[in-house]
Amino acid sequence: PEFSNWRDEQRAWRESAALYDQSHHMAELNVKGPGAEKLISHLAVNSLDGFTTTKAKHFVPVSYDGYVIGDMILFHPAEDEFNMVGRVPSVNWTEFHAETGDWDVELTRDDRSPSRPGDQPISRRHYRYQIQGPKAQQVIDKLNGGPLEEIRFFNVGTMRVAGREVPALRHGMAGEPGVEIWGPYEQGDEVRAAILDAGEEFGLVPVGARAYATNT
């Protein structure tokens, strides 16, 4: 809920820089195969025209009567492959159609992590971090080892973190340029430590669930 206290964490989002760990509270579904685009297009209200591997977009599936099931962030990492990240109802709806229709796709599902796993280790496909706030760009440039080439809003570029090239989704959750980055879950601790180290001089603060909710 809180790394320090929600008030200071909320203030950092507004005044300096904030680190959000998005690795655990969202589900992922990877849809791959010749029928992937047809399946996604069949379920979504929004078009996939012009949707390339350098972009992200919202995936908004609806019921048979046109009622919204939910929304997720949709990535297009490769031809015939889509990865959706968000809440479970949209994952369930997509999985149901993939398994009951003739779509020629393979699914890889990664459900949200338990909040209190006890002594069981947590393992996800990806870590997922957001760097947000008015000083986010300074943190990002320092991590990258120099100014990051401009990435247009909701486009996907790359940056360097902890000696690795990682995908970076251009965000703006605090009204300022920010990014969401991800990679193999086993590299998450090293990447997080690098972000905290780079952000120290800019007042970067790790943000917990209480401040995450109040910022909206």
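**Burial, strands and a cavity**

Colleague: What makes Ser90 count as buried?

Modeller: Buried means under 20% relative accessible area, exposed means over 50% and partly exposed lies in between, with a 1.4 Å probe and protein chains only; Ser90 has 2% relative accessibility, so Ser90 counts as buried. This is a predicted model, in which local features need pLDDT of at least 70 and side-chain atom pairs count only at pLDDT 80 or more, while totals for chains, interfaces and linings use all residues. Residues are numbered from 1 along each chain as its sequence is written, and side-chain values use heavy atoms, with hydrogens and water left out.

Colleague: Where does Ser90 lie, and which residues does Ser90 touch?

Modeller: Ser90 lies in helix α3, residues 88-100; helices (H or I, at least four residues) and strands (E, at least two) are DSSP runs, numbered from the N terminus. Leaving aside residues up to four places away in sequence, Ser90 touches Pro61, Ile69, Gly70, Asp71 and Met72, where contact means heavy atoms within 4.5 Å.

Colleague: Why is Gln138 called partly exposed?

Modeller: Gln138, which has its place in helix α4 (residues 136-144), has 39% relative accessibility and therefore counts as partly exposed. From C-alpha to C-alpha, Gln138 and Gly178 are 9.9 Å apart in space, although 40 residues separate them in sequence.

Colleague: How do you know that strand β4 and strand β5 pair?

Modeller: Two strands pair if DSSP finds at least two bridges between them, and β4 (residues 72-78) and β5 (residues 81-86) are joined in the antiparallel sense over five bridges. One example is Phe75, whose bridge partner in β5 is Asn83.

Colleague: What is the order of strands in the open sheet, and why do β3 and β6 stand at the edges?

Modeller: The open sheet has five strands in the order β3-β4-β5-β2-β6, with antiparallel pairing. Because β3 (56-59) and β6 (106-110) each have a single partner strand, one side of each is left without a neighbour in the sheet. Neighbouring strands of this sheet are turned by 25° against each other on average, direction ignored, the axes being lines fitted to C-alpha atoms and angles running from 0 to 180 degrees between N-to-C directions.

Colleague: Why is strand β1 described as largely enclosed?

Modeller: Four of the five residues of β1 (residues 17-21) are buried, so the strand is largely enclosed by the rest of the structure. With strand β11 (residues 204-207), β1 pairs in the parallel sense over four bridges, and the bridge partner of Tyr20 there is Val207. Four bridges also join β1 to strand β7 (residues 126-132), running antiparallel, and Asp21 stands opposite Tyr129 in β7.

Colleague: How many cavities of 30 Å³ or more are there, and which residues line the largest cavity?

Modeller: On a 1 Å grid over the protein atoms alone, a cavity is a set of points where a 1.4 Å probe fits but cannot get out, and lining residues have an atom within 4 Å of a point. By this rule there is one cavity of 30 Å³ or more, and the largest has a volume of about 50 Å³, a volume being the space filled by probe spheres set on the points, which are joined across faces, edges and corners. The lining consists of Gln22, Ser23, Met26, Glu28, Val85, Arg124, His126, Tyr127 and Arg128, and its largest share, three residues, comes from β7.

How values were computed: On a 1 Å grid over the protein atoms alone, a cavity is a set of points where a 1.4 Å probe fits but cannot get out, and a pocket is an open set with protein on both sides within 12 Å along at least five of seven lines; lining residues have an atom within 4 Å of a point.
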